[in-house]
Amino acid sequence: MKESFWAMMVVGLGIVSILFIYYFQSVTNTSEHNYELVKESTEAAMFDSLDLAAYRQDRTIRIDREKFVDSFLRRFSENASLSNEYDIKIYDVNQKPPKVSIKVTSRGSDIAFSITGESVNSYITTQIDGILEAKYAN
């Protein structure tokens with residue numbers, strides 16, 4: 001009888017450990033996906049919003065604020081996970097020198113779990129500050 005209780009405890013601990021591994025794996029995958037998505041979308045949106053007329057005229061590198069926001073939101077929404085809810089805050093967009101600060105907070109249904117009927121959600125926050133650099137060429 002004593003050995004059967006030990007076996008039940010080992011099976012129960014195995015199931016609990018598998019649930020913890022699944023939960024932390026989903027949080028890690030979501031965090032990595034958000035970081036890469038924000039980073040790539042920011043970089044591409046900064047290149048999309050370059051003001052080529054100003055560059056041709058006096059070789060200054062600047063971005064257009066409205067084009068950046070439009071391009072970033074379009075690129076981010078095309079590749080974002082549909083099972084997550086996102087809160088995007090664009091804090092700072094400097095036109096010259098080109099600098100942006102973005103904060104994205106996500107809450108997903110894949111990283112929520114329930115204990116005693118009460119839902120516990122995790123919020124994953126990703127913050128990026130980006131500066132567009134280019135070599136000056138004559």
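In the predicted model, Trp6 is exposed, with a relative accessible area of 54%. This residue is found in helix α1, which covers residues 2–48. Together with Met9 and Leu13, Trp6 makes a nonpolar surface patch of about 350 Å². The chain as a whole exposes about 9,700 Å², and carbon and sulfur atoms supply 57% of that area. Of its 138 residues, 27% count as buried.

The chain contains 3 helices and 5 strands. Along the sequence these elements follow the pattern α-α-α-β-β-β-β-β. Among contacts between residues at least 6 apart in sequence, 59% join residues that are at least 24 apart.

Two features of the backbone were noted in loops. Most residues other than glycine have a negative phi, and most peptide bonds are trans. Arg59 is not a glycine, yet its phi is positive, at about 60°. Arg59 is placed in the loop between α2 (52–58) and α3 (65–79), and with a relative accessibility of 35% it counts as partly exposed. The other feature is a cis peptide bond between Lys96 and Pro97, with omega at about -5°. Pro97 lies in the loop that runs between β1 (84–94) and β2 (99–108).

Charged side chains were examined next. Side chains of opposite charge can pair when their charged atoms come close. The count of salt bridges comes to 8. One of these salt bridges is formed by the side chains of Arg74 and Asp48, with an N to O distance of 3.8 Å. This pair links distant parts of the chain, since Arg74 belongs to helix α3 and Asp48 to helix α1, 26 residues apart. Both residues count as partly exposed, Arg74 at 39% relative accessibility and Asp48 at 36%.

Arg74 also forms a salt bridge with Glu78, where the closest N and O atoms are 3.8 Å apart. Glu78 and Arg74 are separated by about one helical turn, because they are 4 residues apart in helix α3. Glu78 is exposed, with a relative accessible area of 54%.

A further salt bridge joins the side chains of Asp87 and Lys89, at 4.0 Å from N to O. Asp87 counts as partly exposed at 37% relative accessibility, and Lys89 likewise counts as partly exposed, at 40%. Salt bridges that share partners join Asp48, Arg74, Arg75 and Glu78 into one network.

Methods: Residues numbered from 1 in each chain as written. Predicted model: local features only at pLDDT ≥ 70, side-chain atom pairs only at ≥ 80, totals over all residues. Heavy atoms only, no water. Buried < 20%, exposed > 50% of the residue type's maximum accessible area, 1.4 Å probe, protein only. Contact = heavy atoms within 4.5 Å. Areas by Shrake-Rupley, 256 points an atom, 1.4 Å probe, with all protein chains shown as cover. Patch = residues over 30% accessible without salt bridge, like charges linked within 9 Å, V, L, I, M, F, W, Y side chains within 5 Å.
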